[in-house]
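I opened my notebook to look up a few residues one by one. Come and read along with me.

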Amino acid sequence: NYNVTVTNGKASVTPASLKVDLKEVHHVYGTPAGSSAYGYDSVSGLTNGDTGLVVTMSSDAALKENNTKTQDVKVGSYGWEASLSGIDGLASNYTVTYTGGESYVTKASLNMVLDNVSTVYGTAFDATKYGYTLDGHANGDTDAVIRGLIGSVSYDNKGVGTNGKATGNVGDYVLGIDGAVALNNYNVTVTNGKASVTPASL
């Protein structure tokens with residue numbers, strides 16, 4: 001009794017939700033972490049037999065100059081962004097949300113080595129001879145740049161005499177500095193020098 005016309009329906013497949021918890025990455029100032037430092041701690045939401053998710057870094061705000069150098073050390077973290085691959089149709093089949101992805105820059109180690117000085121017993125030390133060398137420059141920082149950040153240095157020479165005397169007795173004494181050297185991007189270790197008092201001629 002009827003001529004039947006079939007109007008097809010629509011079967012829709014909507015994207016699944018995928019949550020990727022990105023790894024926390026740590027760089028030492030001037031030494032970017034390698035690619036193996038990036039990745040994910042956990043993934044939830046893969047379905048339909050999908051496996052083989054690959055997470056790589058697409059950008060890291062803690063890095064600069066084509067990822068060859070780091071930004072300055074700061075309180076808190078920078079962040080990095082991921083690129084996903086390894087699963088066919090990933091972009092269309094999933095709605096991806098990210099957590100984590102902090103990127104930190106920690107201080108590099110810098111050694112400040114004080115020069116050795118000497119004087120003859122009874123002759124005051126020449127303060128212009130005080131100095132130091134630096135070992136551990138990072139991130140392209142020059143010696144002049146770091147010295148500018150350090151500024152003036154107050155030396156503490158244990159060979160200087162007391163009670164009106166120019167020097168202590170003949171011998172070797174510690175030449176150090178007053179206080180600590182604080183730099184934003186470096187942990188500074190001071191290696192003391194030697195202040196020698198040699199015999200006077202009589």
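Here are my entries, starting with how the model is read.

I am working with a predicted model, where local features need pLDDT of at least 70, side-chain atom pairs count only at pLDDT 80 or more, and totals for chains, interfaces and linings use all residues. Residues are numbered from 1 along each chain as its sequence is written, and side-chain values use heavy atoms, with hydrogens and water left out.

**Entry: Thr70**

I found Thr70 in strand E6 (residues 69-70); strands are DSSP runs of at least two residues and helices (H or I) of at least four, numbered from the N terminus. Is Thr70 buried or exposed? Thr70 is buried, because its relative accessibility is 0%, and buried means under 20% relative accessible area, exposed over 50%, partly exposed in between (1.4 Å probe, protein chains only). I saw that its side chain reaches the backbone nitrogen of Gly30 at 3.0 Å.

**Entry: Asn139**

I located Asn139 in the loop between strand E12 (132-135) and helix H2 (143-150). Asn139 is buried too, at a relative accessible area of 10%. Which backbone oxygen does the side chain of Asn139 reach? I noted that of Thr70, at 2.9 Å. Setting aside neighbours within four places in sequence, I listed the contacts of Asn139 (heavy atoms within 4.5 Å): Tyr29, Gly30, Lys64, Lys69 and Thr70.

**Entry: Tyr2**

I ended with Tyr2, in the segment before strand E1 (16-22). Tyr2 counts as exposed because its relative accessibility is 76%.

Technical notes. A polar contact is a pair of N or O atoms within 3.5 Å; within protein, one must be able to donate a hydrogen and the other to accept it, and residues adjacent in sequence count only if both atoms are side-chain atoms.
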